[in-house]
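Please have the viewer open as you read.

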Amino acid sequence: MRHSLMIAGLLCATTAAAQDKPVLTVYTYDSFVSEWGPGPQVEAAFEAECGCDLNFVASGDGAALLARVLLEGDSTEADIVLGLDTNLTAKAADSGLFADHPALDVSWSLPIDWADPIFVPYDWGQFAFVYDRTKTETVPADFEALAASDLTIVIEDPRSSTPGLGLLYWVKQAYGERAPEIWAGLADNIVTVTPGWSEAYGLFLEGEADMVLSYTTSPAYHLIAESDDTKAAAPFTEGHYLQVEVAAKLAGTDQGALADRFLAFMTSDAFQSLIPETNWMYPAVTPAAGLPKGFETLIRPEKSLLYSATEAAAIRDAALAEWQTALSR
Amino acid sequence: MADRAQPLSPGLGAGAGIAATLILALTLGTLGAVIHRAGGLGSLGPADWAALRFTVTQAALSAALSLLLAIPVARALARRRFPGRGVLITLLGAPFILPVIVAVMGILAIFGRAGLLNDALAALGAERVSIYGLSGVVLAHVFLNLPLAVRLLLQGWRGIPAERFRLAAALGFSSTDISRHLERPMLRALGPGIFVTIFLICLTSFAVALTLGGGPKATTVELAIYQAFRFDFDLGRAAQLASLQLALCATATLAAARLTLPAGFGAGLDRALARPDAATLPLKLQDAAAISVASLFLLAPLAAVILAGLPSLATLPAPVWEAAQRSLLVALASTALAIALALPLALAIARSKGRLLETIGMLPLATSALVIGTGLFLLLRGLASPAALALPVTAAVNAVMALPFCLRALIPAARDLETDYGRLAESLGLSGAARLRHLTLPRLRQPLGFAAGLTAALSMGDLGVIALFADAERATLPLQLYRLMGAYRMADAAGAAVLLLALSLALFWILDRGGRADAQA
């Protein structure tokens, strides 16, 4: 009985929050809204200036987020979806659920030109193999050197995780027709393929592999939060595949003006300065104060690889089949 | 016994009906919602059939090994008394209730490439061994499920009345004779059910199979479902794969039911078990070895998890403690609901002739968490905001997901109850609440305590459907643990894992203990 009362109490608490202020509902992925993500500070900063109630709704990762919006279709309560990446935007755009963003007067700090009518970037990162400098002395300079070495790596599955999919495209764009050959060469380096980033990174930290597929910014976390400078990302001469995280307004929103205001706020210093030390990615617009101390130690690969959203969608199944065949032998 | 179906009292019939309806709603109902949304079933490719083959192979191997290895361990625990035995039995159950990712980390700390085993081998100058592949998947599944098999078998041994062993001693039975006349019939009665339960648990394995499987060779059906839902948004194909899993579940459950033979020991006076036959030195050594090896295998990874997390336990951030409170509430609500559903269902199954109810009771095991989550989402979306429903829905789903385990614990005891006391109760006209109070509850106290403990612990550790429904303010402890990992905070995540382990074990211990407060154990 007491439990049902408590549950009833919880339900009341949620309805009570919805008062007369306009409510902007932002769907995002789970780690964005956690205590350790940007969510809580973004909410406080935007609510301080918008006279509204910013309501984050979280579901899983970026793929789960899109799946939810597609499931809900026209009847979705979301005004904004925040947290898709360029691997998902083609499917999102095809659904017709999203509207063009307002004109934004922004100079992007992205490694590529950005001119998408729907999706507004808020951060970006480059995939990279991260290693421990005290344990790995000879660092491979490209995929062929990695394949030839006896270094062990742990990677994520492209069928269930975005970094895994990023690696698939990385190899494909760098090597084209030769991609299956590269994967076959890497097969004996791969200790295992995990369902997601957390498992892979955890395995790496436990010492199960010499390198893990992560981001060039990962060493910054260890340096800044743990004063540990042993982690580094390996620069690859082929260039590094890019991940750009974006947000967009739903076409069916009843808070159009507020949603536009949020998208503009997203590119402001107040939002962007939170990104480096909560999402551990690069801000889409470098804040006036610059990047936090420690970020200058990171590698800055000059060459970035990225398929356009439509290309990525078009080659995905074939690239996936190549990957699966090469690693199943 | 099942030969003679007895009429159900109206109250019991209604309870069992409600339980069966709820299970069907959450399993077939949610699948139906997904199929409806997809507009039909999709088609399967060769990769899906390869995934199915791998899934069935690893699940069958894992289940067979778990069951076979559990027999000597449960027998040893059943016939020996030693200080700390109760605590050891509780601890040995721990791997079964660990969140998968924590269990995997514990296993790797021992058996991984940088684990203790390989360090020891390297120190001895031997080759390092890699567990990644089918062997790693099976090892992890045995680690996770051996505890369940041991506990269920231990109940089987407890279920053989001490009078039978006394009679055996009076007749001068050797341990071999006892094995043939008492233990084998018990194993024949319980074994198939335990095998199929573990087989079904492993059938829906996702993270373990993928992380330890070493690559796409180790693709399971659950991964294919995940991919279909998340990356292809192909609901039809997801539903087709999920239907395949349910069909496998029904087939396996029915096959197990056919192989199950009733033991028929009759009633006893519930005296403590004495085993004069087992007092010989070779048998003592054999039992000591079984208990030691199992303890080492199950407790070493657990110790690794605890050692890794203990330093951060005291400094865990506040949201983790709040999530722990929330998880405790959900676990208690799940437990109350699960017991309220399991008891009438188990009694109805014990009295019924057919296998339909039992098969329905096993369905949650083979249901993909993603299908339940997505289906419920589709079904409930029109009724209320998903975030508001997050905790009640999680409690209800956890209760239903734990039902197969509750039933496994309750059905054998409920069958014995019917065989041994059913006719007496009928002749005394004992029915309704009086029968429940004076006969059913006292006789089923032990399995009920065990089932409640198991449900509470499983609910504590289950990520379940919360990930699809929760918003920032309503995270449970397992979700918070994943969030910490996702935010690079592996040390805090390890601390949260210890907290989760401690709370789950405490819940299990209290409830299980409550079930055998008066037992001489």
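1. Let me start with confidence in chain B. The lowest mean pLDDT there, 62, belongs to H19(B), whereas the highest, 92, belongs to helix H2 (residues 46-79) of chain B. pLDDT is the predictor's confidence in each residue, on a scale from 0 to 100, and helices (H or I, at least four residues) and strands (E, at least two) are DSSP runs numbered from the N terminus. Residues 1-5 of chain B fall below 50, and this stretch has 8 contacts in the model beyond near neighbours in sequence. A contact here requires two C-beta atoms, placed from the backbone, to lie within 7 Å.

2. A word on conventions. This is a predicted model, in which local features need pLDDT of at least 70 and side-chain atom pairs count only at pLDDT 80 or more, while totals for chains, interfaces and linings use all residues. Residues are numbered from 1 along each chain as its sequence is written, and chains are lettered from A and ligands numbered from 1 in the order in which they are written.

3. Chain A averages a pLDDT of 90, and 94% of its residues score at least 70. Residues 1-18 of chain A stay under 50, with 11 contacts in the model beyond four places in sequence. Where pLDDT is low, the predicted coordinates should not be read in detail. For the complex, the predictor gives an ipTM of 0.83 and a pTM of 0.86.

4. Now the overall build of chain B, which has 21 helices and 0 strands. Its radius of gyration is 23 Å, close to the 24 Å that the globule rule gives for 521 residues, so chain B is as compact as a globular protein of that length. The radius is taken over C-alpha atoms, and the rule is 2.2 Å times the number of residues to the power 0.38. Buried residues make up 56% of the 521 residues in chain B. Buried means 20 or more other C-beta atoms within 10 Å of the residue's own, exposed means 12 or fewer, and partly exposed lies in between, with C-beta atoms placed from the backbone.

5. Chain A has 14 helices and 12 strands. With a radius of gyration of 21 Å, close to the globule rule's 20 Å for 329 residues, chain A is as compact as a globular protein of that length. Its C-alpha atoms fill a box of roughly 65 × 55 × 45 Å along the principal axes, and buried residues make up 51% of the 329 residues.

6. How many residues of each chain are in contact across the interface? There are 48 from chain B and 47 from chain A. Several helices of chain B each supply at least two residues to this side, including H14 (318-351) and H17 (386-427). The largest share, 5 residues, comes from H11(B). By class, the chain B side has 36 nonpolar, 6 polar and 6 charged residues. Here Ala, Val, Leu, Ile, Met, Phe, Trp, Tyr, Cys and Pro count as nonpolar, Asp, Glu, Lys and Arg as charged, and the others, Gly among them, as polar.

7. In chain A, look at helix H11 (residues 256-266), whose buried residues are Leu258(A), Ala259(A), Phe262(A), Leu263(A) and Met266(A). They sit on the same side of H11(A) because they cover an arc of only 140 degrees around the axis, the arc being that of the directions from the helix axis to the C-beta atoms. Among the elements they pack against are strand E5 (120-132) and strand E10 (240-250) of chain A.

8. Strand E7 (residues 190-194) of chain A is largely enclosed by the rest of the structure, because 4 of its 5 residues are buried. Strand E6 (residues 153-156) of chain A pairs with E7(A) in the parallel sense over 4 bridges; pairing needs at least two DSSP bridges. Ile155(A) stands opposite Val193(A).

9. Two backbone angles deserve a look. Ser227(A), not a glycine, has a positive phi of about 50 degrees, and Ser227(A) counts as exposed, with 8 C-beta neighbours inside 10 Å. Trp280(A) has a positive phi near 55 degrees, but Trp280(A) is buried, with 22 other C-beta atoms within 10 Å.
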